[in-house]
Amino acid sequence: MRAVDLVINERLTSEVPLVKEVSQYIISAGGKRLRPALLLLVSGALGSDHQHRHTLAAVVEFIHTATLLHDDVVDESTLRRGRATANERFGNAPSVLVGDFLYSRAFQMMVDVDNMRVMQVLSDATNVIAEGEVQQLVNMHDPSLDETAYLRVIRSKTAKLFEASARLAPILAGASAEVESACAVYGQALGTAFQVIDDVLDYEGDAQELGKNLGDDLREGKVTLPIICALKKASPEQQRLLQAAIVEGDVEHMDTILHITRETGALEAARSSAMAEARRAMEAARTLPDNPHRSALLQLAADLLERRS
């Protein structure tokens, strides 16, 4: 990961000072670096030390960071990882444009790797992520959204880059199609579980630990799994309150909404869904060679269910 950070810092260079300032601001915010770590762990599990693994780990982090910059503008977010978002600090226009810079820099780095299969996986993933973002926008303030539609969005918006990160390692290693498929399944399932837990924490987490405001999803009109599960079990009166909050983005009754998610067992139901995805990830990981890196992949999936931030 230190090697990846070196690549990130080297490739953030720009003759435009504001580009470097905004890029460094969000990259240095102390994110989990899960996607690049995933690429490196899978590489290790396959016994691969390909020379381009650090470059591609930096690429997936750049793509992820670009999506964060754009997301925060679209969502009008003010807080991420415990500090002001880039759009809050620098304004919307610089955030969007620097997001574009990070996307284009990521594609420059992909070209350096000179592998058409790598280009295909990452360009497809970036396109699917963009589609997921648009679909989420279409779904905003819609209380009729069901679990299938919700999962379709998060598998595009979040899990796709996890999947791509895990898939790149076997491509670099020259592994079989079966191994590549198992790695992709691991990444997709892990990414899905990660996002479901993230959505649960928006209703049961600690704002200080999370580094963002509780109830932000509802405020933005996002219908996530805890609310979908709560609507199934809520009384008619509770359903009306939840539906009104979704339609209006109104968090005035947030304390009552939090009570409803607990009373209906919605948080446990959502966590159970995440647990099923984590198990699916672990099943896929167990098909890889037995070594410390595979053990770390299994532990990562298990630990995901315990995350609080």
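**View 1. Ile 8 is a buried residue, with a relative accessible area of 0%.** Buried means under 20% relative accessible area, exposed over 50%, and partly exposed in between, with a 1.4 Å probe and protein chains only. The model shown is predicted: local features need pLDDT of at least 70, side-chain atom pairs count only at pLDDT 80 or more, and totals for chains, interfaces and linings use all residues. Residues are numbered from 1 along each chain as its sequence is written, and side-chain values use heavy atoms, with hydrogens and water left out. Ile 8 belongs to helix α1, which covers residues 2-11. Helices (H or I, at least four residues) and strands (E, at least two) are DSSP runs, numbered from the N terminus. Leaving aside neighbours within four places in sequence, Ile 8 is in contact with Ile 27, Arg 33, Ala 58, Glu 61 and Phe 62. Contact means heavy atoms within 4.5 Å. Ala 57 is 49 residues from Ile 8 along the chain, and the C-alpha atoms of the two are separated by 9.1 Å.

**View 2. Glu 61 is a residue of helix α4.** With a relative accessible area of 3%, Glu 61 is buried. Apart from neighbours within four places in sequence, the contacts of Glu 61 are Ile 8, Ile 27, Arg 33 and Pro 36.

**View 3. Asp 71 lies in helix α4, residues 53-75.** The relative accessible area of Asp 71 is 10%, so Asp 71 counts as buried. Not counting residues up to four places away in sequence, Asp 71 touches Arg 80, Glu 133 and Lys 157.

**View 4. Arg 33 has a positive phi of about 55 degrees although it is not a glycine.** Arg 33 sits in the loop between α2 (17-27) and α3 (34-45). Arg 33 is buried, at a relative accessible area of 15%. Arg 33 is also among the contacts of Ile 8 and among those of Glu 61.

**View 5. His 141 has a positive phi of about 60 degrees, although it is not a glycine.** The loop that holds His 141 runs between α7 (116-139) and α8 (147-157). His 141 has 34% relative accessibility and therefore counts as partly exposed.

**View 6. Cys 183 and Cys 229 are shown as two buried cysteines.** The relative accessible area is 1% for Cys 183 and 10% for Cys 229. With a disulfide taken as a pair of cysteine sulfur atoms within 2.5 Å, the count comes to 0 disulfides.

**View 7. The whole protein, given for orientation, has 17 helices and 2 strands.** Its radius of gyration is 19 Å, close to the 19 Å that the globule rule gives for 309 residues, so the protein is as compact as a globular protein of that length. The radius is taken over C-alpha atoms, and the rule is 2.2 Å times the number of residues to the power 0.38. Along the principal axes, the C-alpha atoms fill a box of roughly 60 × 45 × 30 Å. Buried residues make up 55% of the 309 residues. Among contacts between residues at least 6 apart in sequence, 76% join residues at least 24 apart.
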